[in-house]
Amino acid sequence: MERVPILKMGDTLILTIQVELHDETALRLQEDILEKIFETKPQGLVIDVSAVGVVDSFFGRMLSDTAIMARTMGVETVLVGIQPEIAIILQEMGLELKGVHTALNLEKGMALLQGMGEVGNGED
Amino acid sequence: MEKIKEVGINKSEDVIMARQVAREMAKELDFGLADQTRITAAVSELSRNIYHYAGTGRVVVKVLSESAKKGMEIIAEDKGPGIPDIEMAMQDGYSTGKGPLGQGLPGSKRLMDEFEIKSEVGVGTTVTIRKWL
Ligand SMILES: Nc1ncnc2c1ncn2[C@@H]1O[C@H](COP(=O)(O)OP(=O)(O)O)[C@@H](O)[C@H]1O
Ligand SMILES: [Mg+2]
């Protein structure tokens, strides 16, 4: 089964979703992320979805759940690179990505996490 | 272009196959990127519902061409448990699943131009959606 690599850059965990996730791979990724957080104690988590061409409620829920679990462990999640069409779908379907922060790109996402680190544990 | 394509839904990977087939047809029909994505998302919802609630079923994707109008139709059908209260199932936030949000059916309806659902307990469920160019 294809796995999504999770990289540590400085103090931040970064993963780029480049494959289409089905139920099992999505849940596996969720577990991998949480384990990696525990192992590496990052300052924050960035999920790059710029290669993601479609969302549905299952995927939205998985992202949101992951961010909420990461927050429970003490780590904030920033979703970066949401395509315009994805924003349209989320809005029209009424899907709310609870628990995640968003930024336009990786750089801005890292800056956002940096800022949160400075004021303690960021909340939205 | 092939005017009709069918994808059997038996495992979770088939959901991805169904939406790839739908996306491809939408692209070939020259739907804009936003509509391609709407169609793909709706197909993802309906095929996931088949996989989650019925276990198996199929998704049929068709080109529609009526005199002046062109479009796409997707039929998602299964012989699963059926939906006891369709009106309830069509409401935002109604779900019998343990993970999801209950946004799949009402959300897909909003993404498409036409949406029909037929379901009978013990017989199965058929959802037909259409998008016009
Ligand atoms: N193909 C189906 N067969 C049986 N029940 C279904 C089917 N599709 C949807 N349902 C029922 O309708 C409810 C709402 O579906 P949906 O709007 O997709 O939300 P969700 O899948 O997140 O629960 C489901 O929880 C399920 O009870
Ligand atoms: Mg659903």
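Student: How many Å separate an oxygen atom of ligand 1 from an N or O atom in the side chain of B:S95?

Tutor: The separation is 2.6 Å, in a predicted model where local features need pLDDT of at least 70, side-chain atom pairs count only at pLDDT 80 or more, and totals for chains, interfaces and linings use all residues. Residues are numbered from 1 along each chain as its sequence is written, chains are lettered from A and ligands numbered from 1 in the order in which they are written, and side-chain values use heavy atoms, with hydrogens and water left out.

Student: How much area do chain B and chain A bury between them?

Tutor: The size of an interface is often given as the accessible area lost when the parts come together. Here that is about 2100 Å², 52% of it on carbon and sulfur atoms (1.4 Å probe, summed over both parts). On the chain B side, B:E45, B:R48 and B:L101 lose the most area to chain A, together 24% of what that side buries.

Student: How many residues does each chain bring to the contact?

Tutor: Chain B brings 26 residues and chain A 20, with contact meaning heavy atoms within 4.5 Å.

Student: Which salt bridges join the two chains?

Tutor: Side chains of opposite charge can pair when their charged atoms come close. The rule asks for a side-chain nitrogen of Lys or Arg within 4 Å of a carboxyl oxygen of Asp or Glu. Between chain B and chain A the count is 4. Among them, B:R38 meets A:E92 at 2.8 Å, N to O, and B:R48 pairs with A:D56, the closest N and O atoms being 2.8 Å apart. B:R48 lies in helix α2 of chain B and A:D56 in the loop between β3 (44–48) and α2 (57–73) of chain A, so this pair joins two chains (helices are DSSP runs of H or I, at least four residues, and strands runs of E, at least two, numbered from the N terminus).

Definitions and conventions:
Buried area is the accessible area (1.4 Å probe) that two parts lose on being put together, summed over both. A polar contact is a pair of N or O atoms within 3.5 Å; within protein, one must be able to donate a hydrogen and the other to accept it, and residues adjacent in sequence count only if both atoms are side-chain atoms.
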